[in-house]
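Good morning, and thank you for making time on the agenda. I would like to take you through one structure, beginning with a helix and then turning to the sheet.

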Amino acid sequence: MTAWPTVSHKGNMTASSATRILVVTLDRLPAWILPAYGSTWVAMPALDALAGRSLLFDRVIATGADDRATLRDLGLSGLGPEAVVVTDAPQVAAAVGGGDDGVTVRLVEAVARPAPVTDATATHLARLMAAAREAVTAGRHAVVWCHATSLGVAWDAPAECRAAYVDPDDPPPYAGAAVPEMEVDADTDPDLLVGIRQAFAGQLTHLDACLGPLIDAAAGWHVLVAGVRGLGLGLHGRVGTGPLPPFSELVHVPAILADATGRMAAQRFGGLVVPADLGATLAALRGAATAASDTPWHGRNLAGLLTDWSAPARDRVVVATVDGGAVITPSWHLLAAADRPPRLFHKPDDAFELCDVADRCADVVAELAPLALAAAAGDTDRGWRAPLAGAAVAAG
């Protein structure tokens, strides 16, 4: 399911003859906190402007918490000599550069800091995005892929970025640059969580300021900005990158695709999508052929949305992590693990999964819980292939 996809390149495609594509993948970027996905308090004007001329995918669900597997599903392999990958992740650089397809790799080393910097151009994100912008403006590659991990490594934006979210009566926000790691329970000070979220919001606003010039440099290109996995921000007992069951806080990620010619601008697609679908769509846009498969988790090309709003439908997404399994349908999100009762949340009403209705929807639990438990135990095939009927597919 997570093997590198088979990709063939048509002819001797060069940067001057191929459709150009900019891909920006951002680890630890959950969908729920972005203004394009409904947040009303975080400022990200560059990303909002991109969304305004893009096709936005409302429900992209990562099928696990392994960032490398999600990147493989997105298509970060087999890109060929027409591509350059700019990343801050040594393991990603090694994996991509270790192939024999001639892809160019540029690693921008991370700089560990105990506190936010004062110079906005010196942050980890600023240096990485500037390197990606150089690759775009150089014009030597048809595909520029920028992958950033720093949202889960360092919140080093200048202190004024997070201070912009603090009201006069608020306590000071989280002050460090290291991503906080803590468990959250009933005794946790709510002001502490507010301060952490303010600091993360400041980092996102800084990300937006770094992302804007990169997107502007890619005028006339296809542009995809996508999350890889989310981050615990206290909604479900965890802050940071530590263990978290597959709530949407972890597996619901953003994806915004701007077509080079403006097709389907400002449209939202509400169907279930997995990263492999985005990978198949990117391959189609750059004229590459992917291996066909009838397996339900295999990537499905969604480029038809750009022409006549046609797309293959998914009735579920199965998620497997070391902290539990989940089966997600258009109307339900069920989590299960061997050490606790199943939890069920109604979609789209319960966006943050705060109201467990498992005790009121026994028929849905009876159908979905065995599939989620099987996924948690390593058998995702059962969850993807078992027929769904009755309450599990009803609108609820």
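Predicted model: local features only at pLDDT ≥ 70, side-chain atom pairs only at ≥ 80, totals over all residues.

How far apart are the end C-alpha atoms of helix H6, and what span should its 28 residues give? Helix H6 covers residues 190-217, and at 1.5 Å a residue it should span 40 Å; the end C-alpha atoms are 41 Å apart, so the two values agree. At the start of H6, the backbone nitrogen of Asp191 has a side-chain oxygen of Asp189 within 2.9 Å.

I now turn to the sheet. It is open and built from 8 strands, with mixed pairing, in the order S5-S4-S6-S2-S8-S11-S3-S12. Its edges are strand S5, residues 104-107, and strand S12, residues 267-273, each of which pairs on one side only. From one strand to the next, the twist averages 15°.

Which strands does helix H3 touch? Helix H3, residues 90-97, packs on the sheet against S4, S5 and strand S6 (143-148), and its direction makes about 165° with that of S5. Helix H1, residues 45-52, also packs on the sheet. H1 touches strand S3 (55-61), strand S8 (222-227) and strand S11 (252-258), and its direction makes about 60° with that of S11.

Thank you; I welcome your questions.

How values were computed. Residues numbered from 1 in each chain as written. Heavy atoms only, no water. Pairing = 2+ DSSP bridges. Helix = DSSP H or I, 4+ residues; strand = E, 2+ residues; numbered from the N terminus. Axes fitted to C-alpha atoms, helices over the stretch in contact; angles between N-to-C directions. Contact = heavy atoms within 4.5 Å. Expected span 1.5 Å × (residues − 1). Polar contact = N/O pair within 3.5 Å; in protein donor to acceptor, adjacent residues only side chain to side chain.
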